[in-house]
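Visitor: Hi, could you walk me through this one? I'd like to start with the overall picture and then look at some details.

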Amino acid sequence: MGVFHKHESEPGFWKPPKGFMCMTESTHQQVRTPAPQWSNEQVLLDGLRIGNEEAFAYLLDAYYGQLLRVAMSHVPSRAVAEEVVQETWQGVLESLPRFEGRSSLKTWLFRILTNRAKTRGKRESRYESMDSEEGESEGWTDPDRFIPGGGLQGHWRVQPTPWDDLTPERLLLSKESRRLIQIAIDALPPVQRQVMMLRDIEDVDANEVCNLLDITETNQRVLLHRARTKVRCAIDAQLSETDKNE
Amino acid sequence: MTPKEIKGEMMHLMAGNMSCQELTELITEYLEGTMPMVQRIRFQIHLGLCLGCRNHLHQMKLTIQTLGKLPVEPMPPAIRAEMLHRFRNWKKE
């Protein structure tokens, strides 16, 4: 049925469909889902400051999952990560009056979370393995895939085959693939995992990641490179396994 | 030298003296846009000549895309209720 049907009793009069421009006063009461205005950060912050519960609920729903997985990249268990996230909400409420909105809301949340997670991580001694990570940054990332000497030194042993453009969607549809990718991420050394989490999973920019994790730009790039190389390898293994079964 | 090795050697020279292994090490720097101009040109010449490396670069991009699309889990209702309860208390203070 077309939207532009005419009202039966009044020829030529256009009747708006239900929900059309739902912010207008007449249909306002029908809106049940959280009002869309919260997606505007300034509106959301103002709402939080005056104690609007709907604004806080929006904040929880929008950021809980992200905060939880970032926390899990810092601390050894889910239970501790949950606590860190709860402390973060607390921290958000406490520092709300001082937040000037110079950074994005997401950056601000991640800063509060990372500070708390670091404190917890140190206490739970997840930062110990930093040394092994530095040792790892020597030498080639993926040496087994290349010819080690002779005229073809540094060439592919086996040329990489193309992946389908829909690989991400296909992988993420499968519960087993998601699980295997998660295992590969969890197996990364802590700081590699933290960098990958923020850069590739949460889409935080490189500078901000350096600030959050207190690492240099070069270090950030090396850690990210190593993490991506390993996850690529895990996906590749997963794809050839699927091919074998088909 | 076998013909394959000669081809490899030629490739290497033409591809700005960058091996496939070196290229893979530089991929993140390339994608980050932090690579110096001259190296960037060498990188792109190699890429233009080498299907294996093109495939590898594409795989890396798809890996990053996959990571960016990992779903988040929803908030457990009990925790949500608890947080809203705390918010109400915070509001009263």
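Guide: Happy to; we'll go from the fold to a helix pair and then to the domains. Keep in mind that this is a predicted model.

Visitor: Great. What does the secondary structure of chain A come to?

Guide: Chain A has ten helices and zero strands.

Visitor: And how much of chain A counts as buried?

Guide: Of its 246 residues, 31% count as buried. Among contacts in chain A with a separation of 6 or more, 56% are between residues 24 or more positions apart.

Visitor: Now the helix pair. At what angle do helix 2 and helix 3 of chain A cross?

Guide: Roughly 125°, with the axes of helix 2 (residues 53-72) and helix 3 (residues 78-95) of chain A coming within 8 Å. The crossing is right-handed.

Visitor: Which residues make that contact?

Guide: Helix 2 of chain A brings Tyr64(A), Leu67(A), Leu68(A), Ala71(A) and Met72(A), while helix 3 of chain A brings Arg78(A), Ala81(A), Val84(A), Val85(A) and Thr88(A). They divide into eight nonpolar, one polar and one charged.

Visitor: Switching topic: how is chain A divided into domains?

Guide: Into domain 1 (36-123) and domain 2 (132-245), with 28 Å between their C-alpha centres. Each domain of chain A gives nine residues to the contact.

Visitor: Which helix supplies the largest share on the domain 1 side?

Guide: Helix 4 of chain A, with four residues. The domain 1 side as a whole divides into two nonpolar, five polar and two charged residues.

Key:
Residues are numbered from 1 along each chain as its sequence is written. Chains are lettered from A and ligands numbered from 1 in the order in which they are written. This is a predicted model: local features need pLDDT of at least 70, side-chain atom pairs count only at pLDDT 80 or more; totals for chains, interfaces and linings use all residues. Axes are lines fitted to C-alpha atoms, for helices over the stretch in contact, and angles run from 0 to 180 degrees between N-to-C directions. Helices (H or I, at least four residues) and strands (E, at least two) are DSSP runs, numbered from the N terminus. A crossing is left-handed if the near helix is turned anticlockwise from the far one by less than a right angle, and right-handed if clockwise. Two residues are in contact if their C-beta atoms, placed from the backbone, lie within 7 Å. Ala, Val, Leu, Ile, Met, Phe, Trp, Tyr, Cys and Pro count as nonpolar, Asp, Glu, Lys and Arg as charged, and the others, Gly among them, as polar. A residue is buried if 20 or more other C-beta atoms lie within 10 Å of its own, exposed if 12 or fewer, and partly exposed in between; C-beta atoms are placed from the backbone. Domain bounds come from an automatic or database domain assignment.
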